[in-house]
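Please walk through this protein step by step, beginning with a pair of helices and going on to the sheet and the domains.

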Amino acid sequence: MGRQLTLSIFRYNPNIPGDQPRMQDYKLEEHEGMTLFVALNKIREEQDPSLMFDFVCRAAICGSCAMMINGRPRLACKTMTRTLPSRFTVMPLPVFKLIGDLSVDTGTWFRNLQIRTEAWIHTNKKFDPNELEVRMDNKVAEAIYEPERCIECGCCVAACVTANIREDFLGATGINRVARFMLDPRDERSDAEYFEVVGNEDGAFGCVGIMACADICPMEIPLQQNLAYVRRKMAKAGLKLDLKGFKVS
Ligand code: FES
């Protein structure tokens, strides 16, 4: 017989008039290889069909099932219950808009991030569909692939001190996105142009260096390294712009 688990789960549906935020306990028996995702499904199927949470892939690919698990942002489908005590809390991610219970709207946040960071290749080259594909050096492709592995789950944003107090902060995922395009030789933006996007307190210079993002990233993306890369480039670009301004004035 497995352990008896008690999940203390945050409940609140803002769409129900008069509903109040509260913690609700659910008990269930743990079985071999159980993930939190499985436990939540069991609760919803057998005890409470009103419990709201998100999932799509169940394989740590889509990023939908991120939540605060015993105080840490993690993916429910990647978290084995055996790694948790027999009683633990489950809460929605902070920073994002609450839809209900454990479900939050990360989509709007990430869409705004793509727009703010202009997350597409900027080039003046005309696209010719008849041309052969342009080859890319393996090393460059691998370097781009690293930040590209982000599944936009929001764990790093939820863990970030700055993002929790400043709603306009791009967060590690935003800086990581910018690093991806800086590394791409097809993107013709200059450092000065990137400076316009991330060379400020809401971007590369807003991080206070606690680096919780890098500690909790479920994909183990080197967020700290990517931030340092963008910061170095932006510090140089900022200095050049300052010097230019100094000469002119
Ligand atoms: S369900 Fe897709 S990451 Fe967990």
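Is the crossing in which H3 passes H6 left-handed or right-handed? In this predicted model, H3 passes H6 in a crossing that is left-handed. Two packed helices are described by the angle between their axes and by the distance between those axes. For helix H3, residues 138-148, and helix H6, residues 171-182, the axes come within 8 Å and cross at roughly 165°. Angles over 145 degrees count as roughly antiparallel, and H3 and H6 are therefore roughly antiparallel to each other. On the side of H3 the contact is made by Ile-144, Pro-147 and Glu-148, while H6 brings Asn-176, Ala-179 and Arg-180 to this contact. Sorted by class, the contact of H3 with H6 has three nonpolar residues, one polar residue and two charged residues.

The next element to look at is a sheet. Five strands form an open sheet with mixed pairing, and their order across the sheet is E2-E1-E5-E3-E4. Strand E2, residues 22-29, and E4 are the edge strands, each of which pairs on one side only. On average, and with direction ignored, neighbouring strands of this sheet are turned by 35° against each other. Helix H1, residues 36-46, lies across strand E1 (4-11), E2 and E3, and H1 runs at about 100° to E2.

Within this sheet, E3 and E4 deserve a separate look. These two strands pair in the antiparallel sense over four bridges, and Ala-66 stands opposite Leu-75 in E4. The hairpin of E3 and E4 has two residues between the strands, and in this hairpin Asn-70 takes a positive phi near 50°.

The protein is divided into domain 1, which covers 4-104, and domain 2, which covers 118-239, and the C-alpha centres of domain 1 and domain 2 lie 30 Å apart. Where the two meet, 15 residues of domain 1 are in contact with 12 residues of domain 2. Strand E3 (66-69) and strand E4 (72-75) each supply at least two residues of the side of domain 1 that touches domain 2, and E4 gives the most to this side, with four residues. By class, the side of domain 1 that touches domain 2 has 11 nonpolar residues, one polar residue and three charged residues.

Methods
Residues numbered from 1 in each chain as written. Predicted model: local features only at pLDDT ≥ 70, side-chain atom pairs only at ≥ 80, totals over all residues. Domains from an automatic or database assignment. Contact = placed C-beta atoms within 7 Å. Nonpolar A, V, L, I, M, F, W, Y, C, P; charged D, E, K, R; others polar. Axes fitted to C-alpha atoms, helices over the stretch in contact; angles between N-to-C directions. Parallel < 35°, antiparallel > 145°, perpendicular 65-115°, else oblique. Left-handed = near helix turned anticlockwise from the far one by under 90°. Pairing = 2+ DSSP bridges.
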